[in-house]
Amino acid sequence: MKTGMIKVSVLYPNKEGKSFDMDYYLSKHLPLVSKTLGTALQDSSYEKGLASTEPDTPARYVAIANLYFKSMEEFGEAFEKAAPTLMADLPNFTDIEPVGQISEIVG
């Protein structure tokens, strides 16, 4: 990733009693992310939580999505259009409320 790019992380906290359908997420939701964000999405990576760094402790997050954009403006424009579709798809694979963070690549 180039310095100055915008990274949007979407984290799904691992909470007792909550569900997350990884198969649906990978096969249906992620293609929807790519389609709805279009060419503004420069790159992406997706992670499945395995464990915490603390012994015998589950991962803090079930899944993490990292989405990269050239600028805040490009992210904002793309997300404004995509958000209703992406948010409407959440109940199809999880009842976890995702947590987001927007960062700038600095190195």
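Glu 97 sits in the loop that joins α2 to β4, where helices (H or I, at least four residues) and strands (E, at least two) are DSSP runs numbered from the N terminus. The model is a predicted one, in which local features need pLDDT of at least 70 and side-chain atom pairs count only at pLDDT 80 or more, while totals for chains, interfaces and linings use all residues. Residues are numbered from 1 along each chain as its sequence is written, and side-chain values use heavy atoms, with hydrogens and water left out.

With a relative accessible area of 67%, Glu 97 is exposed; here buried means under 20% relative accessible area, exposed over 50%, and partly exposed in between, for a 1.4 Å probe and protein chains only. Between Glu 97 and Asn 66, which are 31 residues apart along the chain, the C-alpha separation is 16 Å. The loop between α2 and β4 also holds Thr 94, and this residue counts as buried at 8% relative accessibility. Setting aside residues up to four places away in sequence, Thr 94 touches Tyr 12, Ser 19 and Phe 20, a contact being heavy atoms within 4.5 Å. Thr 53, by comparison, is 41 residues from Thr 94 in sequence and 24 Å from it in space, C-alpha to C-alpha.

Attention now turns to the helix before this loop. Helix α2 covers residues 72-89, 18 residues in all, and its first and last C-alpha atoms are 24 Å apart, close to the 26 Å expected at 1.5 Å a residue; the expected span is 1.5 Å times one less than the number of residues. At Ala 82, α2 bends by about 50°, and the proline Pro 84 follows within four residues. The bend at a residue is the angle between axes fitted to the seven residues ending there and the seven starting there.

Phe 75, Ala 78, Ala 82, Ala 83, Leu 86 and Asp 89 are the buried residues of α2, and their cover includes β1 (6-13), α1 (22-37), β3 (61-69) and β4 (99-104). Ala 78 lies in α2 and counts as buried at 9% relative accessibility. Apart from neighbours within four places in sequence, Ala 78 is in contact with Leu 37 and Ala 40. Val 10 is 68 residues from Ala 78 in sequence, with 15 Å between their C-alpha atoms. Lys 81 is also found in α2, but counts as exposed at 69% relative accessibility. Lys 81 and Thr 36 are 45 residues apart in sequence, yet their C-alpha atoms are 7.6 Å apart in space.

How do the two helices meet? The axes of α1 and α2 come within 9 Å and cross at roughly 160°, the axes being lines fitted to C-alpha atoms, for helices over the stretch in contact, with angles running from 0 to 180 degrees between N-to-C directions. The crossing angle therefore makes α1 roughly antiparallel to α2; angles under 35 degrees count as roughly parallel, over 145 as roughly antiparallel, 65 to 115 as roughly perpendicular and the rest as oblique. The contact draws on Tyr 24, His 29, Leu 32, Val 33, Thr 36 and Leu 37 of α1, together with Ala 78, Phe 79, Ala 82, Thr 85, Leu 86 and Asp 89 of α2.Helix α1 has a kink of its own, about 35° at His 29, shortly before the proline Pro 31. Buried in α1 are Met 22, Tyr 24, Tyr 25, His 29, Leu 30, Val 33 and Leu 37, and the buried residues of this helix pack against β1, β2, β3 and α2.

Although not a glycine, Asp 56 has a positive phi of about 55°. Asp 56 is located in the loop between β2 (43-48) and β3, and with 84% relative accessibility this residue counts as exposed.
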